[in-house]
Amino acid sequence: MAEQQRERGVELDNSQFCCAVCLELLKEPVTIHCGHSYCRSCIEGCWDQEKKKGKYSCPQCRETFNSRPALRRNNMLAEVMACSLRRRSPS
């Protein structure tokens, strides 16, 4: 039984893994301090536009940060996205 579950994997709803900025599946996912996740290029693009104000915010919850937070790759989300892409691509 455990063998069958491992082979099937977990079925995931891809909408849960979409970037709120570009509305596509996360590419190079990063998670910011409030817990929301974005494509690295999307959140960098948003924050590049906010640079003049000197304050940065989350596009979803609007939590503000006085300095631009360092972005780190979300390894768990990156692995989930890689597995999802492997399943969807034709063999």
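Me: Which strands do the buried residues of α2 pack against?

Reply: In this predicted model, the buried residues of α2 pack against β1 (29-31), β2, β3 (56-57) and β4. The buried residues of α2 are R40, C42, I43, C46, W47 and E50.

Me: What pattern does the protein follow along the sequence?

Reply: The order is α-β-β-α-β-β-α, with 3 helices and 4 strands in total. Of the 91 residues, 30% count as buried. The protein exposes about 6,700 Å², and carbon and sulfur atoms supply 49% of that area.

Me: What makes W47 count as buried?

Reply: The cut-off for buried is under 20% relative accessible area. W47 has 0% relative accessibility, so W47 counts as buried.

Me: Which residues have the most contacts inside the largest nonpolar core?

Reply: They are C19, L26, I32, Y38, I43, W47 and L71, in a core of 18 residues. The elements giving two or more residues to this core are β2 (37-39), α2 (40-50) and α3 (75-88). The largest share, 4 residues, comes from α2. As for Y38, its contacts beyond four places in sequence include C19, L26, I32 and I43, and it also touches C58, P59 and Q60.

Me: Why is the pair of W47 and Y56 called edge-to-face?

Reply: Planes over 60 degrees apart count as edge-to-face, for rings whose centres lie within 6.5 Å. The centres of W47 and Y56 are 6.0 Å apart and their planes are at 65 degrees, so the pair meets both conditions and is edge-to-face. Y56 is buried, with a relative accessible area of 8%.

Me: What makes the pair of W47 and F65 edge-to-face?

Reply: The same test applies here. Their ring centres are 6.2 Å apart and the planes are at 70 degrees, so this pair is edge-to-face. W47 lies in helix α2 and F65 in strand β4, so the pair ties together parts that are 18 residues apart in sequence. F65 is buried, with a relative accessible area of 8%.

Me: How many aromatic pairs does a search of the whole structure find?

Reply: The search finds 2 aromatic pairs. Ring pairs link W47, Y56 and F65 into a cluster.

Me: Is C42 buried or exposed, and what relative accessibility does C42 have?

Reply: C42 has 14% relative accessibility, under the 20% cut-off, so C42 counts as buried.

Me: What makes the link between the side chains of R68 and D48 a polar contact?

Reply: The cut-off for such a pair of N or O atoms is within 3.5 Å. The side chains of R68 and D48 are joined at 2.9 Å, so this pair is inside the limit. R68 also reaches the backbone oxygen of E44, which lies 3.3 Å from a polar atom of the R68 side chain.

Me: Where is R68 found?

Reply: R68 is in the loop between β4 (64-65) and α3. With 30% relative accessibility, R68 counts as partly exposed. Leaving out residues up to four places away in sequence, R68 touches E44, W47, D48 and Y56. R68 and K51 are 17 residues apart in sequence and 8.5 Å apart in space, C-alpha to C-alpha.

Me: Which value does the phi of R62 come near?

Reply: The phi of R62 is near 65 degrees, a positive value in a residue other than glycine. R62 is found in the loop between β3 and β4.

Me: What makes R62 exposed?

Reply: Exposed means over 50% relative accessible area. R62 has 56%, so R62 is exposed.

Terms used: Residues are numbered from 1 along each chain as its sequence is written. This is a predicted model: local features need pLDDT of at least 70, side-chain atom pairs count only at pLDDT 80 or more; totals for chains, interfaces and linings use all residues. Side-chain values use heavy atoms; hydrogens and water are left out. Buried means under 20% relative accessible area, exposed over 50%, partly exposed in between (1.4 Å probe, protein chains only). Accessible areas come from the Shrake-Rupley method with a 1.4 Å probe; for residues, only the protein chains shown count as cover. A nonpolar core is a set of buried Ala, Val, Leu, Ile, Met, Phe, Trp, Tyr and Cys residues joined through side-chain atoms within 4.5 Å. Contact means heavy atoms within 4.5 Å. A polar contact is a pair of N or O atoms within 3.5 Å; within protein, one must be able to donate a hydrogen and the other to accept it, and residues adjacent in sequence count only if both atoms are side-chain atoms. Rings of Phe, Tyr and Trp (its six-membered ring) pair if their centres lie within 6.5 Å; planes under 30 degrees apart count as stacked, over 60 as edge-to-face and the rest as tilted.
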